Each structure stands twice: as structure tokens, then as C-alpha cells.
Amino acid sequence: MMKLRILAVALCAALVAPVSAQAAEPTYPNRQINIVVPSTPGGVVDFTARLFQPTLTETLGQSVVIDNRPGGGGHLAGALVAKAPADGYTVFCSAGSILVSGVYPNLPYEPMVDMVPVARITAGGFLLLVPHNSPFKTLDDLVSYGQAHPGKLFYGSSSVGNSTHIGAEMLSHMTGMAATHVPYKGNMQALTDLVGGRINFMLDSRPSALPLIKAGELRALAVTSPQRAVDFPDLPAIAERVPGYQIEGWTGFFVRRGTEPAVIQRLAAALEKGVQEQRVVEGLRSVGSVQAFLGPREAASYMAQDHERMAKTVKETGIVAN
């Protein structure tokens with residue numbers, strides 16, 4: 001009888017031990033979280049990451065550190081996250097175009113395979129801009145001229161393969177304008193040449209475009225979002241003239257694929273709490289960003305659609321970033 005009792009106790013201990021051990025494992029997070037940003041301090045993406053830093057620290061109960069890793073069109077940072085352990089302690093805050101555009105060949109990782117979104121934080125269309133004295137008063141004027149004079153229009157962008165470059169090329173390709181791309185080493189250089197009439201048009205975000213519009217040096221003809229913008233209700237969406245056209249700048253947080261769904265949901269919940277804070281809303285507005293939160297599942301669907309649109313243009317027009 002004693003032996004049977006000892007055996008029963010041993011069996012119970014064996015059955016309970018794994019559960020106890022599992023319950024004793026520390027839950028996420030139990031140490032510092034690093035947010036990798038693919039740019040130097042001061043840019044919009046870096047600003048966004050730092051805007052959420054206090055909320056993440058408070059909500060998750062761990063220190064959150066911003067790790068700036070510029071270079072390689074953002075892919076040095078992307079590769080770092082893609083090769084980090086899939087445990088939620090290395091998070092990527094980035095503009096979506098870095099992952100979805102397919103512009104960079106021979107990367108050391110596959111952005112759409114190795115990364116999954118935690119959340120989309122902001123999204124918004126760009127403005128289609130022309131010089132203040134441009135003969136093109138409307139979107140139709142620009143498109144009609146380009147169709148009648150293929151290759152005679154020139155547009156600029158701050159680099160090869162970013163959203164504004166692909167968006168302008170998408171417009172050119174879908175309308176048959178065959179406009180010529182003029183790449184610059186920075187956004188201000190492109191805007192300076194646009195103001196001076198050395199290029200005919202470009203796409204740009206609100207923060208840098210609005211001061212020049214208000215000063216009367218640039219004119220906006222349209223917005224690139226699928227619908228008209230609330231702050232520019234009189235400007236048509238390009239999609240009204242070119243069905244199916246859409247390009248948006250968006251920012252999100254990502255982790256390596258294989259990260260536990262519960263960890264992703266924990267991060268997403270903290271970010272969703274952040275976008276509801278007045279401090280965050282006002283901060284995003286100050287840099288021209290529009291709050292547009294999507295959770296993991298919805299963000300993944302949006303990301304796939306964005307990839308389909310951008311990759312199609314990249315493939316059909318042969319855009320390649322060196």
C-alpha cells in the first residue's frame with residue numbers, strides 16, 4: 001500500500017511539474033525592448049517611434065530603447081530585425097514602403113516574408129505639386145499634356161524607390177505620360193528645383209509642402225489617397241481621374257515572422273493605447289501624420305495590398321535602387 005501511495009504521489013508530481021514550470025516562466029516582456037529605426041534621429045519615423053516610447057514603457061512595464069540604424073535605403077535596419085530572435089524584443093518602426101516596394105534586389109532578407117506587422121500607426125496620401133506659375137492648373141491639364149508629349153515632363157523625388165518616386169511613376173505609367181524621373185539626394189533639393197521650375201511636378205508629404213503652398217511658391221493639383229483628403233476637400237483624388245490609382249505614405253511597427261501571436265497582440269494593444277492619447281495625436285499632427293491604426297491582421301491585409309500595387313509598378317517600369 002505504501003509503495004502504491006508513493007507511486008501515486010510521484011505520478012501526480014510528474015503531471016503537475018510541467019504545468020508549474022510553464023506557469024513559472026516569465027511572461028512577455030521581462031526585459032528591455034529595442035525599437036530599430038532605419039534613419040538618423042529627427043526624421044518623421046524616428047519622431048513617431050519616440051512619440052510612442054513613453055506609452056510603451058509605461059504599458060509594458062519595461063524600458064524601451066530607440067536604436068537608430070540608417071543606411072541601405074532602410075534595409076540595414078530591416079535585416080537586423082529580420083535576423084533577430086523572434087521574441088518581440090527587437091521591433092522595427094518603419095515607413096511601409098521599405099518593406100513592400102520590392103525596389104531593392106539581392107537583399108540579405110525577404111521583407112514580405114521575414115517581417116510581420118504589429119500595427120499600422122499612420123497613413124495618408126501625398127500631394128501632387130507643381131510650381132506656382134505652372135501652365136498646368138488641374139490634374140487633367142498635366143495628364144493631357146503628358147499624353148500628347150510623352151517624355152517631355154520631368155518629376156523629382158528625394159531618392160530612388162521611395163513612395164513618392166513610385167507614386168509619380170505609377171501616375172506616369174497608368175496615364176501614358178512617360179514622364180522622366182529626376183532623382184535627388186534629398187527632399188529639399190527636389191523642392192527647390194520644383195519651385196524654380198526645373199522640374200514639372202512631384203509628390204510630397206504635407207509637412208514639407210504646406211509652407212511652400214502657403215507662401216505661394218507651389219500649387220497642389222490632387223491628392224494620392226483613394227478619396228479626397230479632409231484638409232483639402234477641393235482637391236480631387238487622382239483616382240477620380242485614374243481609376244485604381246493609390247499611393248500612401250504609412251508608418252508601422254513590425255517584428256520578425258515567427259513571433260508568438262500573444263506577444264504581437266501585447267505590443268499591438270500597447271500601441272493602440274498610444275494612438276488614443278492626446279499627446280500622441282497632437283504629436284502626429286505636428287509632423288503632418290494622420291492617425292490610422294490597424295491591428296496585426298488588418299495591417300497585414302493592407303500591407304499585402306500595398307505590396308501588390310507598388311510591386312506591380314516597380315516590375316512594369318523597371319525601377320531598381322542600387
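Strands S3 and S10 (residues 248-256) pair in the antiparallel sense, over four bridges. The model is predicted.

**Strand S3 and its partners**

- S3 spans residues 90-95, and five of its six residues are buried, so the strand is largely enclosed by the rest of the structure.
- S3 also pairs with strand S1 (residues 33-37), here in the parallel sense and over three bridges.
- Phe92 of S3 is the bridge partner of Val36.
- Phe92 also has a bridge partner in S10, namely Phe254.

**Helix H13: extent and end**

- H13 is formed by residues 296-317, 22 residues in total.
- From the first C-alpha to the last, H13 reaches 31 Å, which is close to the 32 Å expected at 1.5 Å a residue.
- Gly318 follows H13 and has a positive phi, near 75°.

- The buried residues of H13 are Pro296, Ala299, Tyr302, Met303, Asp306, Arg309, Met310, Thr313 and Val314.
- These residues lie on the same side of H13 because they cover an arc of only 155° around the axis.
- Arg297, Glu308 and Lys315 are exposed, on the other side of H13.

Notes
Residues numbered from 1 in each chain as written. Predicted model: local features only at pLDDT ≥ 70, side-chain atom pairs only at ≥ 80, totals over all residues. Heavy atoms only, no water. Helix = DSSP H or I, 4+ residues; strand = E, 2+ residues; numbered from the N terminus. Expected span 1.5 Å × (residues − 1). Buried < 20%, exposed > 50% of the residue type's maximum accessible area, 1.4 Å probe, protein only. Arc of directions from axis to C-beta. Pairing = 2+ DSSP bridges.
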